[in-house]
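Biologist: Let's go through this one together. I'll keep asking how you know, and you tell me.

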Amino acid sequence: MQKERVLIKGAGDLASGVANRLFQCGFVPIMTELAEPLVVRRTVSFAEAVYQGETTVEGVKALRVKTADEAMAWRERGVIPVLVDPDDRSLESLNPTYYIEATIRKRNDGLTMDKAPFVIALGPGFCAGKDVHAVVETKRGHDLGRVIYAGYAIADTGIPGEVGGYRQERLLRAPVAGVFSACREIGDQVAEGEPVGTVEGQPVKAQIAGIVRGLVKDGISVTAGLKIGDVDPRLEKAYCYTISDKARAIGGGVLEAMLHLAMLRKAT
């Protein structure tokens, strides 16, 4: 599988779940990210390599690289490269067989099938058969991970999936625009109403009791209302450091789409 180049746009927790699953099947994807990723589940996101230089998720290592050539070299050595390239300026040099849009934008900002021989997108906003070759369903429920080859994924409702009986209540949002300052860390247990940090002096309080499963990087600039963390009421600390069931299901859908599209191309 090493000869098949896979480019994953985005390196958040869902994209990282996809990358990890592909890695276990013999693919070593190249991932691209923003210069300052606003990733919440940092302990299971390869985007953390942008800040730390390198990171490991469930035994799979990722390394920040500066150029496409460097990305290709580390890929050949079995390490997932993370390249800061939000505008796809390295696309021609990387020349991927598979291009996977995994930023979970919820709308198409110009993605077309000509990015690569096979283009796959995660979630709503992309039309399979028109914008991309396949779409993978990202909404929790019966169809999570299903591959769509014609049409759209389920439209975004703006309502988070249920975890431990909670939806909106488990999220932490910025009360105002400004710089986030954390006073708790991922893995900490918090009580309802307890602050996990501040934005410009305004407290960010947990709405439910549980474990801080995700939190954006301390010192990063955020916009008002932005999701900057989440609290898991299930009180399983291990969930903070392992890929979620949702990310694994989506990863399986991406793998299916890749193999299916390649099979169809081979048959024609």
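Modeller: Let's begin with the largest pocket: α1 gives the largest share of its lining, three residues. Bear in mind that this is a predicted model.

Biologist: Which elements give two or more residues to that lining, and what volume does the largest pocket have?

Modeller: The volume is about 1600 Å³. The elements with two or more lining residues are α1 (13-24), β2 (30-33), β10 (171-173) and β17 (227-232). Of the 50 residues that line the pocket, Leu 14, Thr 103, Ile 104, Lys 106 and Lys 227 are the closest to its centre.

Biologist: How does the lining of the largest pocket divide by class?

Modeller: There are 19 nonpolar, ten polar and 21 charged residues in it.

Biologist: And what makes the other void a cavity, not a pocket?

Modeller: A cavity is a set of points where a 1.4 Å probe fits but cannot get out, whereas a pocket is an open set. By that rule, the count is one cavity of 30 Å³ or more. The largest cavity has a volume of about 30 Å³, and its lining consists of Arg 5, Val 6, Leu 7, Ile 30, Leu 94 and Pro 96. By class that makes five nonpolar residues, no polar ones and one charged.

Biologist: Why is Cys 127 called buried?

Modeller: Its relative accessible area is 12%, and buried means under 20%, so Cys 127 qualifies as buried. You'll find Cys 127 in the loop between β7 (118-122) and β8 (134-136). Leaving aside neighbours within four places in sequence, Cys 127 is in contact with Val 132, Val 135, Gly 151 and Tyr 152.

Biologist: How far apart are the C-alpha atoms of Cys 127 and Thr 112?

Modeller: They are separated by 9.9 Å, with the two residues 15 apart along the chain.

Biologist: Now Arg 64. Why is Arg 64 called partly exposed?

Modeller: Arg 64 comes out at a relative accessible area of 37%. Partly exposed is what lies between the buried limit of 20% and the exposed limit of 50%, so Arg 64 gets that label. Arg 64 belongs to strand β4 (residues 60-65). Not counting residues up to four places away in sequence, Arg 64 touches Ala 49, Val 50, Gly 53, Glu 70, Val 82 and Val 84.

Biologist: How do you know that β4 pairs with β3?

Modeller: Pairing takes at least two bridges, and four bridges join β3 to β4, so these antiparallel strands count as a pair.

Biologist: Which residues of β3 make up the covered face, and which the uncovered one?

Modeller: Thr 55 and Val 57 form the covered face of β3 (residues 54-57), while Glu 54 and Thr 56 form the uncovered one. In a regular strand, side chains alternate between the two faces of the sheet.

Biologist: What makes β3 an edge strand?

Modeller: β3 pairs on one side only, and β9 (147-148) does too, which is what puts both at the edges. The open sheet has nine strands in the order β3-β4-β5-β2-β1-β6-β7-β8-β9, with mixed pairing. Within it, β1 (residues 6-9) and β6 (residues 98-101) pair in the parallel sense over four bridges, and Ile 8 has Ile 100 as its bridge partner in β6.

Biologist: Which residues touch the most other members of the largest nonpolar core?

Modeller: Ile 8, Leu 22, Met 31, Phe 46, Ile 100, Val 254 and Met 258, out of 39 residues in that core. Helix α5 (residues 245-267) gives the most to the core, seven residues. Beyond its neighbours within four places in sequence, Ile 8 has contacts that include Leu 22, Met 31 and Ile 100.

Conventions. Residues are numbered from 1 along each chain as its sequence is written. This is a predicted model: local features need pLDDT of at least 70, side-chain atom pairs count only at pLDDT 80 or more; totals for chains, interfaces and linings use all residues. Side-chain values use heavy atoms; hydrogens and water are left out. A nonpolar core is a set of buried Ala, Val, Leu, Ile, Met, Phe, Trp, Tyr and Cys residues joined through side-chain atoms within 4.5 Å. Buried means under 20% relative accessible area, exposed over 50%, partly exposed in between (1.4 Å probe, protein chains only). Contact means heavy atoms within 4.5 Å. On a 1 Å grid over the protein atoms alone, a cavity is a set of points where a 1.4 Å probe fits but cannot get out, and a pocket is an open set with protein on both sides within 12 Å along at least five of seven lines; lining residues have an atom within 4 Å of a point. Grid points are joined across faces, edges and corners, and a volume is the space filled by probe spheres set on the points. Ala, Val, Leu, Ile, Met, Phe, Trp, Tyr, Cys and Pro count as nonpolar, Asp, Glu, Lys and Arg as charged, and the others, Gly among them, as polar.
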